[in-house]
Amino acid sequence: MGPGTMGEAPGGDTLRVGLAGLGTVGAGVVRVLSDNADLVAQRAGRPIRVTAASARDRNRERGVSLEGIAWEDDAAALAARDDVDVVAELVGGSDGPALTLARATLSAGKPLVTANKAMLAHHGLELARAAEAAGVALRFEAAVAGGVPVIKGLREGMAANRIGHLFGILNGTCNFILSRMEAEGRDFADVLSEAQALGYAEADPGFDIDGVDAGHKLALLAALAFGTRPSFGAVEATGIRHVIAADIAEAAALGYRVRLVGVADASAGGLFQRVHPHLVPLSHPLAHVTGSTNAVVADGDQAGRLLFQGAGAGAGPTASAVVADLIDVARGVAGPVFALPADALVEAKRADGAERRARAYVRLTVEDRVGVLAEIAAAMRDAGVSIETLIQRGPSGEGAGVLVAIVTHEGPERCVAQALERLRGSQSLTDVPMWMPILA
Ligand SMILES: NC(=O)c1ccc[n+]([C@@H]2O[C@H](COP(=O)([O-])OP(=O)(O)OC[C@H]3O[C@@H](n4cnc5c(N)ncnc54)[C@H](OP(=O)(O)O)[C@@H]3O)[C@@H](O)[C@H]2O)c1
């Protein structure tokens with residue numbers, strides 16, 4: 001049965017969806033609501049049907065039937081339509097038309113379902129307040145880890161737990177690139193071009209590879225886990241641009257894999273949120289998350305360690321999460337957006353990463369001459385960094401530098417930062433040093 005063909009249930013109790021965005025996720029939602037219409041209606045207790053839609057180009061072929069669905073050129077007009085009970089915002093972007101539509105929907109007193117992590121990471125508190133004032137649901141399961149029900153898992157499944165710590169692989173594009181670099185020994189730029197050709201990476205991949213997208217998601221997870229206001233501004237984000245094939249090879253030789261990991265934890269010192277490439281021990285569950293898969297680990301004081309893992313992107317998984325949210329709306333489920341009433345969310349103090357203790361990987365590329373190793377060792381010693389392992393590899397070719405890979409003993413991050421600061425000024429370095437914490 002197609003979306004335009006499913007009749008109104010007796011009593012007209014169909015949940016009527018205004019759908020903004022008919023790209024990967026939006027078209028996926030139309031397809032899921034059509035392919036699984038009967039199942040969705042049974043589980044929701046009433047049919048769910050798209051009655052109106054909006055995208056940029058009305059004439060674009062989208063591989064799904066839009067028959068019987070009204071069209072709006074202006075997405076924000078969906079909110080005011082009498083035949084729309086709930087809006088699904090699947091346009092994207094932190095501001096612009098997505099935010100205009102979200103505000104219009106909530107101020108019209110209608111529930112909002114969105115996959116837009118950028119918008120929520122920047123405007124989540126405002127939108128949560130607007131949803132509460134209107135007494136309607138704002139759901140965003142698809143915004144983090146695609147089809148993986150991690151929002152529901154944290155907000156509902158772990159509602160009885162104090163969560164001390166969470167971390168995860170939150171960007172499928174980066175994980176795909178790192179997995180390929182690892183499997184094939186290729187360099188970043190080379191694999192990025194392939195990922196773009198295959199459609200795994202955007203033409204402008206900055207948001208993904210610089211850790212911004214993962215940072216948006218981390219800000220939302222941290223708000224849910226720690227009862228803090230979502231705050232992307234407090235996330236330290238570093239991506240994978242500067243990871244080279246040799247880092248991955250050295251990590252492998254030492255028993256680790258390189259992964260872009262988002263870490264959030266709350267302590268007396270405040271809330272710490274960081275996205276950064278890490279070395280992950282082979283025995284760690286995140287080391288086995290490959291390709292475009294996402295995974296989130298949360299430590300609850302009652303439930304223990306939970307691992308949420310699965311497809312982080314793509315039409316089917318993401319639409320599955322959006323439709324699950326629509327089913328909740330159809331059932332009349334609302335509840336606080338970030339697990340607590342918006343006014344109870346606290347403005348967390350930003351914790352200083354400098355005092356965090358970890359073992360670390362450091363890679364330096366240096367000139368091939370006598371005395372350089374002694375210079376490195378002295379910089380580390382003077383900064384109070386204790387070296388656990390040091391590997392030196394001769395130049396890989398004409399004019400190439402010598403690669404020095406170091407694993408430190410556990411210590412405060414500020415000590416390694418201080419050593420690297422001193423070495424950055426040295427004539428011996430031929431490239432910018434790389435530092436990665438080792439996930440415990
Ligand atoms: N792709 C994924 O796997 C995935 C996973 C999780 C979350 N998300 C999130 O889901 C959202 C949608 O992502 P997507 O991958 O589906 O993006 P997409 O394929 O680029 O689709 C975006 C859609 O928005 C429409 N659009 C753009 N500007 C518009 C405007 N001013 N008014 C109305 N419609 C407009 C586009 O119209 P045209 O088609 O006519 O150009 C297109 O249909 C984003 O927030 C994204 O972060 C995506």
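## Helix H11

In this predicted model, helix H11 covers residues 315–331, and its 17 residues should span 24 Å at 1.5 Å a residue; the end C-alpha atoms lie 24 Å apart, which agrees. Buried positions in H11 include Thr318, Ala319, Ala321, Val322 and Val323. Towards the end of the list come Asp325, Leu326, Ile327, Asp328, Val329 and Ala330, which are buried as well. Just after H11, glycine 332 has a positive phi of about 85 degrees.

## The aromatic pair

One aromatic pair turns up in a search of the whole structure. Its members are phenylalanine 140 and phenylalanine 338; the ring centres are 5.3 Å apart and the planes meet at 50 degrees, so the pair is tilted. Angles under 30 degrees would count as stacked and those over 60 as edge-to-face.

The two residues are 198 residues apart, and the pair links distant parts of the chain. Phenylalanine 140 sits in the loop between strand S6 (138–139) and helix H5 (150–157), while phenylalanine 338 belongs to the loop between H11 and strand S13 (357–358).

## The six-stranded sheet

Six strands form an open sheet with mixed pairing, in the order S8-S10-S9-S7-S11-S12. Strands S8 (236–237) and S12 (304–311) are at the edges; each has a single partner strand, so one side of each lacks a neighbour in the sheet.

S8 runs parallel to strand S10 (residues 270–281) and is joined to it by two bridges. Glutamate 236 has arginine 274 in S10 as its bridge partner. Helix H6 (residues 172–184) packs on the sheet, where it touches strands S7 (163–169), S9 (256–267) and S11 (293–300). The direction of H6 makes about 145 degrees with that of S9.

Key
Residues are numbered from 1 along each chain as its sequence is written. This is a predicted model: local features need pLDDT of at least 70, side-chain atom pairs count only at pLDDT 80 or more; totals for chains, interfaces and linings use all residues. Side-chain values use heavy atoms; hydrogens and water are left out. Helices (H or I, at least four residues) and strands (E, at least two) are DSSP runs, numbered from the N terminus. The expected span of a helix is 1.5 Å times one less than its number of residues. Buried means under 20% relative accessible area, exposed over 50%, partly exposed in between (1.4 Å probe, protein chains only). Rings of Phe, Tyr and Trp (its six-membered ring) pair if their centres lie within 6.5 Å; planes under 30 degrees apart count as stacked, over 60 as edge-to-face and the rest as tilted. Two strands pair if DSSP finds at least two bridges between them. Contact means heavy atoms within 4.5 Å. Axes are lines fitted to C-alpha atoms, for helices over the stretch in contact, and angles run from 0 to 180 degrees between N-to-C directions.
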